[in-house]
Each structure stands twice: as C-alpha cells, then as structure tokens.
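Let's take a friendly walk through a protein model, one region at a time. Keep the picture open beside you as you read.

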Amino acid sequence: MTPQQNSLLAHLLSPLVLLHLLLPLSLSFLHPPHHHPVHVPSLVPHAPMPLARSRFSAQTRLDFTTHCNSSCFHRGEQESEKEQLTEKLAFETLYADGFRTFTTVDVESDEFEGTTSPAARPSSRRGPRMSPRHKRVRRQIYGADGRFNIRGDNFLLDYPFSTAVRISTGCTGVLVSQQHVLTAAHCVHDGKDYVKGARKLRVGFLTPPSINGTRASHTSAKKPLVRWVRVKRTRVPKGWIQGPQEVSMDFDYALLELRWPHRRPFMRLSVAPSSEDLAGKRIHFSGFDSDRPGELVYRFCPVEDESNDLIYQHCDARPGASGSGVYGRVWDNTLERWERKVIGIFSGHQWLEVDGENRDYNVAVRFTPLKFAQICYWVHGNRLDCSQD
C-alpha cells in the first residue's frame, strides 16, 4: 500500500477511530469486572551507593528483537524466590552530569505470592495461543496497516494523545506525572552501558503549527514542531542491567525525570489486569514510528496472550514506537468507572517457540504489582502514595 493510499485510508477511517475512542464499549461498561483487589507490596530502598561515571559507549537499538522458549515464557511464574525478585528490583540512577548511584531494596509484603500479576497464575497459563504464521519481519505490520496518524490541534493536544512524547534517542515515552516520563530501558541503556544519546537526554513535546504562529488555513500541510526539555535523572531496574548476560524484555522500562514540570495531562499507572478485565480486551498506544517521521501514530488491537511479565499482541508498529505507554480501559474501584491507565511499555518484537512452534508477536512489558511499586516509588519518592488505586 502506497503512502498516499494509506493516508487516504486513515482519513476515511478516522471517524471510526473517534467512535472507538469516545464511545464506551457497551458490554464491558455494563458489566464491571469482579476480581479481588490487587495487593501492592512496599519497596524499602537502602542508601544509594556511588558508582563510576557512565562511559556512554552503547549504541541505541530501536529495532529490538528477542527470542523466547517455553521456559522463558513461564519464567515469571517460577521465580517466586523473594531474593531473586528483590535483586532485579534494585535500580540504577543516572544524573545529568553522568554521576551514577545503585540502590538495593527490600520488599515488604504480607502475601508475597500476590506479587504475581493477576493474569498469570501458574494453573491458568499453558502457553500462548497459536495464530497463523506471518512473514518473518521485525517489528511487524500484520496484514493491512492498522495505524492512524494523529493530526490537528484538537487531537494532538487532547488526552490521551497529548501524553505521548518523543525521546531524543529516537524512541517514544508517556507522561505519568507532572515531571516524569516512562519509556523502554533499551532506549537509554543496552544492558551493559548507557547509550551515547543518554549523555544529554531530552524529552520532546509536540507543538501544533497553529500554536507556532502558523495561520489555521495552512496548518494541515505542516507537521508539528517539537519543544525539547532536558532530563534531570534517569532510573533503570537492575533486572535490565544484566551485564554480559542476554537482556530480557521483562524489565525493559525506565523512568525519566524532567528538569522542569510540564503542564499537560498525564496518564495514571495501574497494575496490569488480565486481558479479560480490560474493556474490549484491547490495548492502545501512540508512538513516533520511524516510517512516519514527524507524525504521532495511534493504534489499538486485542491482546493475543500474556505471561506474568509480557503482553503478546499484533498491534502494528515500527522502530521508534519503542517506549510507548501501553494503556487500556481499567475499572477504577474508587471512581467506580472505566479509566484509561498505563499498564505496560511497548518493548519490541519477540519470536516465541513453544511445543516446537515458532510464532512472532509484538510485545509490551506488563506492570506486575512489584514493578508498579517500584515505578511508583520512583515517581513519588515514598511508599505511602503507592497503592493500586
């Protein structure tokens, strides 16, 4: 499909996207999920230990692909040892001047088994559902391209699209507080060292042409500009920094703290529920795919399967979308309504081998209760504000 045809298709289908975004999914909204409250443990950090300054020697990998077999798929369910998990929840902090610290943590929980994500109880996970084979292409477009370009002031500055931001290393991020952005860890660190672009890391906010003084009649042909803000502090989990070992998507997330607060709406975080408890069983995310430069690209699709740590899906995506905030409509018990909440971070592409079958998926990191507690501590700086709702 040519770019002109794709643009025309997106234009014709845009009313459907609006309908999907603005109207509730009737069956899901009539029947809120009935599940037990998620127990979120508390992370108790120790005093940070100073590390040598980063060398910033790594190269950014926007096209991130991993391979996984049956034992890898079920690894999150098997790793119930408290020591193993707390080691991976330790984290490294990088400051703007290159100074680094390492912080170990303890986990306080009355029911440690509750740190397993709601979707992935061992008795219910028998392996991924197998779908028809697809051509082996990294970061796939599955069949007809189902992505939509988001244009115009009314969309770019409106929630939830306004929560998507660019990362100067070539990735995407999502606003999760007035001063914090979540993205993929591989956008700033390759598992051994920080990438060169992390030395002067910045976050880019889209500014529509009309706000830049362009007359409204001429804005349709112009792409939005980007206002860049420096990052003050970056945090990466030890589960990602594995040294010489092969990196795993399970902990492919990082939190960036901006030098100055922004004034845009942000999206709240949530422990990832089972896909059965998502409205429409769908996920959504917006990112800056490299094959559509300067454009914010939105997509949605059903969840194909899920392990304890990953969401398997066939949402169309290309390099540059890594780090996008994956969100769904989650039932909020406090507000008693469905709310869009970030439940994961788009990581990349994975080849999954189970029972001799090779299948390919686009993959997002799932926020388990422990990951939620860790990220929440990074954002708030204390444990008191880190409960599920």
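Start at S177: apart from its neighbours within four places in sequence, S177 is in contact with H262, F266 and V379, where contact means heavy atoms within 4.5 Å. You will find S177 in the loop between β9 and β10. S177 is buried, with a relative accessible area of 10%; buried means under 20% relative accessible area, exposed over 50%, and partly exposed in between (1.4 Å probe, protein chains only). The side chains of S177 and H180 are joined by a polar contact of 2.7 Å. A polar contact is a pair of N or O atoms within 3.5 Å; within protein, one must be able to donate a hydrogen and the other to accept it, and residues adjacent in sequence count only if both atoms are side-chain atoms.

A word on the source: this is a predicted model, in which local features need pLDDT of at least 70, side-chain atom pairs count only at pLDDT 80 or more, and totals for chains, interfaces and linings use all residues. Residues are numbered from 1 along each chain as its sequence is written, and side-chain values use heavy atoms, with hydrogens and water left out.

Helices (H or I, at least four residues) and strands (E, at least two) are DSSP runs, numbered from the N terminus. Helix α7 (residues 369-380) is mostly covered, since 11 of its 12 residues are buried. Its end C-alpha atoms are 16 Å apart, which agrees with the 16 Å that its 12 residues should span at 1.5 Å a residue; the expected span is 1.5 Å times one less than the number of residues. After α7 comes G381, whose phi is positive, near 80°.

How many aromatic pairs does the structure hold? There are 13 aromatic pairs, counted when rings of Phe, Tyr and Trp (its six-membered ring) have centres within 6.5 Å; planes under 30 degrees apart count as stacked, over 60 as edge-to-face and the rest as tilted. F91 and Y377 form a tilted pair, 6.5 Å centre to centre with 50° between the planes. Because F91 lies in strand β4 and Y377 in helix α7, this pair ties together parts that are 286 residues apart in sequence. Y253 and W378 form another tilted pair, at 6.1 Å and 45°. Ring pairs link F91, F251, Y253, F367, Y377 and W378 into a cluster.

**Strands around β12**

Strands pair if DSSP finds at least two bridges between them. β12 (residues 225-237) runs antiparallel to β4 (residues 91-95), with five bridges, and E92 stands opposite V236. Six bridges pair β12 with β11 in the antiparallel sense, and R202 has R230 as its bridge partner. Four bridges join β12 to β13, again antiparallel; here R235 partners L255.

**Two disulfides**

A disulfide is a covalent bond between the sulfur atoms of two cysteines. The count comes to two disulfides, taking cysteine sulfur atoms within 2.5 Å.

| Disulfide | S to S distance |
|---|---|
| C171 to C187 | 2.1 Å |
| C301 to C315 | 2.0 Å |

The torsion about the S-S bond of C171 and C187 is about -95°, so this disulfide is left-handed. For C301 and C315 the torsion is about -100°, so that disulfide is left-handed. C171 and C187 are buried, and both C301 and C315 are buried.
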